[in-house]
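Please examine the structure shown here and consider on what grounds its features are named.

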Amino acid sequence: MDTSDKKKLSERDICTKFITPALTLSGWNQHHHLREEVNVTDGRVLVNGNSVSRAKPRRADYILYYKPNLPIAVIEAKDNNHIVGAGMQQALAYAEMMDIPFVFSSNGDGFLLHDRSGSYEPMEHELTLTEFPRPTDLWTRYRKWKGLDDTKERIITQSYYIDDVRKMPRYYQVNAINRTIEAIANGQDRVLLVMATGTGKTYTAFQIIWRLWKSGTKKRILFLADRNILVDQTKTNDFKPFGSAMTKITNRQVDKSYEIYLSLYQAVSGNEEERNIYKQFSPDFFDLIIVDECHRGSAADDAMWREILDYFKTATHIGLTATPKETKYVSNVHYFGEPVYVYSLKQGIEDGFLAPYRVYRIDLDKDLQGWRPTRGQKDKYGVEIEDRIFNQKDFDRSLVLEHRTELVARKISDFLKNTGRYDKTIVFCENIDHAERMRSCLVNENANLVKENGRYIVRITGDSPDGKAELDNFIMPDSKYPVIATTSKLMGTGVDAQTCKMIVIDKRIESMSEFKQIIGRGTRINEDYNKFFFTIMDFRKVSELFADPDFDGEPLDGSQYDPTDPIAPPMPKPPGDGMKRYVVNDVPVSVVAERVQYMAADGKLITESLEDYTKKNVTRQYATLSAFMNSWTKAEQKTVILEELEEQGVLFEALQEQVGKDYDPFDLICHVVFGQPPMSRRERAAKVRKANYFTKYGEQGRKVLDALLLKYSDGGITDIESMEVLRVDPFTTFGTPLEIVNTIFGGSANYLEAVRRLERCLYTAEC
């Protein structure tokens with residue numbers, strides 16, 4: 001092909017005509033080794049007020065596999081107007097994400113190879129199209145890089161379980177699985193995986209077990225969890241392929257004929273020697289033990305899970321957690337070692353696999369100022385109240401202000417009335433008593449919906465069999481009821497509430513682990529049920545923990561843990577059940593301040609004003625008004641500029657709520673960022689009509705353009721830049737989109753030019 005002709009080809013043409021044939025020639029089979037245009041991420045969910053969109057997913061042009069889910073090379077392609085190495089930086093970013101050693105860039109003339117394994121000399125060098133390495137060549141170098149002998153290779157190359165091609169593991173799950181398998185193949189017998197809530201820890205555990213079990217490396221496996229619902233969900237869902245080889249230990253009975261065992265740790269351990277049924281197994285019975293949510297029990301030396309792990313000490317132990325516990329007295333790292341892989345909440349949100357959040361913080365006067373009874377004041381039951389200042393840590397524990405509970409219930413209900421009264425909501429309360437009082441107040445605030453169905457609001461706590469029975473219904477996406485659940489601790493961890501859209505925090509939380517677990521109840525995305533983000537309503541200043549460096553940081557290195565220190569004494573029982581509690585029903589409570597905080601593009605909450613935040617983000621790209629105006633005027637599609645700004649974190653819909661809903665994004669930027677007086681969309685449309693812009697078009701053309709102007713007045717610039725607008729009223733009265741474009745305007749080029757002229761007239765003096 002002539003060089004000039006080659007430069008006219010698109011990037012995809014370069015792939016089809018040059019790169020794919022070169023790979024095929026080198027033995028890379030398109031059905032087994034090679035995947036094209038692979039979405040590595042889903043694209044971050046962008047929340048703009050109550051509307052959502054997605055950033056573009058990160059997409060690799062080629063990923064080469066030695067075996068399925070064992071990626072070995074990545075290739076980034078560019079068209080022939082670029083140099084051969086133009087895609088290298090992008091390819092290296094994918095390689096870093098996916099643990100891939102061999103990285104290539106190509107423009108169709110050849111390849112630039114970057115070797116992260118250290119087996120090539122020099123590290124970067126060019127190859128011709130006919131010199132691309134064969135699969136066996138790269139695998140030989142991969143083996144050397146990983147230090148694999150034949151035994152290790154057999155373990156590492158054991159296939160994944162794939163029953164449905166739509167259920168392929170995500171890149172971070174592949175990383176977690178492969179790193180764990182490699183660690184075990186290399187003889188590591190204590191392994192820690194840290195993965196944010198909602199990222200599929202149980203599915204990851206299943207694939208780890210499957211591959212170790214199928215390869216014969218581990219023959220008998222015990223999976224431990226601390227909640228019945230976790231064990232049941234695991235057995236029914238992710239672990240289902242184990243079939244008849246799997247059993248759940250129930251009724252404290254042991255049957256040694258199975259290979260995969262699932263159990264509540266309480267079901268196999270206890271304080272009395274005869275209740276420790278795990279000792280019915282020989283100490284070497286299990287080859288592998290996986291502890292789910294290992295932050296909840298196994299970290300402390302005297303925890304019951306540790307008894308089980310110590311008994312089966314010859315087995316390999318894997319800990320799974322979203323919130324590694326590191327304190328002076330308790331350490332996951334001390335027991336399991338440094339995590340072999342970490343996938344954080346921040347990264348999950350950035351990749352678009354987890355839902356972002358906004359925080360609605362409400363400060364109440366008594367919480368900030370405290371409350372002191374008058375001398376000799378009695379509560380509603382005639383009990384004299386202790387004379388001291390009660391503050392936030394006392395409320396709903398040693399002191400109940402009934403009007404406070406009523407106010408919280410009212411604010412929750414008012415919010416749902418504006419956003420969606422059937423949005424699944426969890427209200428976290430101090431204790432069971434508080435959860436019951438909150439349920440009652442919420443019932444009074446939503447009496448009409450409770451009258452329709454008494455299960456609209458339920459209390460789901462450990463002491464309520466009826467409430468606990470509703471837990472499955474709450475977490476089931478297609479179950480309408482219950483909608484609002486009040487709880488204290490039962491729903492704080494391990495509950496897979498995919499459609500939960502609001503987390504209400506009305507309890508003090510001082511543990512980072514508990515905070516992360518509670519936030520994790522809302523982080524799942526379920527597109528089928530329009531769940532893309534969630535709201536955190538905070539009445540206790542708990543959202544301040546978002547600013548803590550430990551909130552989304554790496555697990556600590558264990559330096560806070562001293563194994564020679566005595567184990568910490570048990571925490572005192574929080575005031576509540578069995579403790580003196582004053583109930584006061586005549587003290588008014590009011591809201592002092594309310595603030596909505598959005599998540600910024602960097603994953604942190606916006607703490608400054610929305611106007612200042614917008615100005616800072618826009619001026620990074622457009623330092624002056626003239627720079628912005630110049631770019632806006634030249635852009636053939638204004639929506640491209642808006643999409644770029646949204647990806648950088650500009651929240652246009654939220655700005656409209658504060659500045660004015662009638663303003664176009666263009667005017668919001670000119671006004672908020674550059675101090676220009678804004679014009680409403682209707683004012684801009686009126687300006688165009690006065691300018692006699694339509695006179696050069698025929699009668700039908702003028703009607704179409706006038707209808708476009710009306711669409712702009714109602715919805716903004718994005719409504720008129722897509723030809724899809726021609727499929728709705730009133731345009732359907734003029735004919736089909738094809739008839740409008742061809743018959744009325746004489747072709748798509750003329751129609752698009754008419755729209756561009758309309759936009760110039762809207763935003764400039766050129767009409």
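The questions below set computed values against the definitions in use.

This is a predicted model, in which local features need pLDDT of at least 70, side-chain atom pairs count only at pLDDT 80 or more, and totals for chains, interfaces and linings use all residues. Residues are numbered from 1 along each chain as its sequence is written, and side-chain values use heavy atoms, with hydrogens and water left out.

Q: How do you know that the span of helix 6 agrees with its number of residues?
A: The expected span is 1.5 Å times one less than the number of residues. For the 15 residues of helix 6 (residues 171-185), a DSSP run of H or I with at least four residues, this should be 21 Å, and the end C-alpha atoms are 21 Å apart, so the two agree.

Q: Why are strand 9 and strand 14 called paired?
A: Two strands pair if DSSP finds at least two bridges between them, a strand being a DSSP run of E with at least two residues. Strand 9 (residues 190-195) and strand 14 (residues 316-321) have 5 bridges, in the parallel sense. Val-194, for instance, has Thr-321 of strand 14 as its bridge partner.

Q: What makes strand 11 and strand 15 edge strands?
A: The open sheet has 7 strands in the order 11-12-10-13-14-9-15, with parallel pairing. Strand 11 (246-248) and strand 15 (341-343) each pair on one side only.
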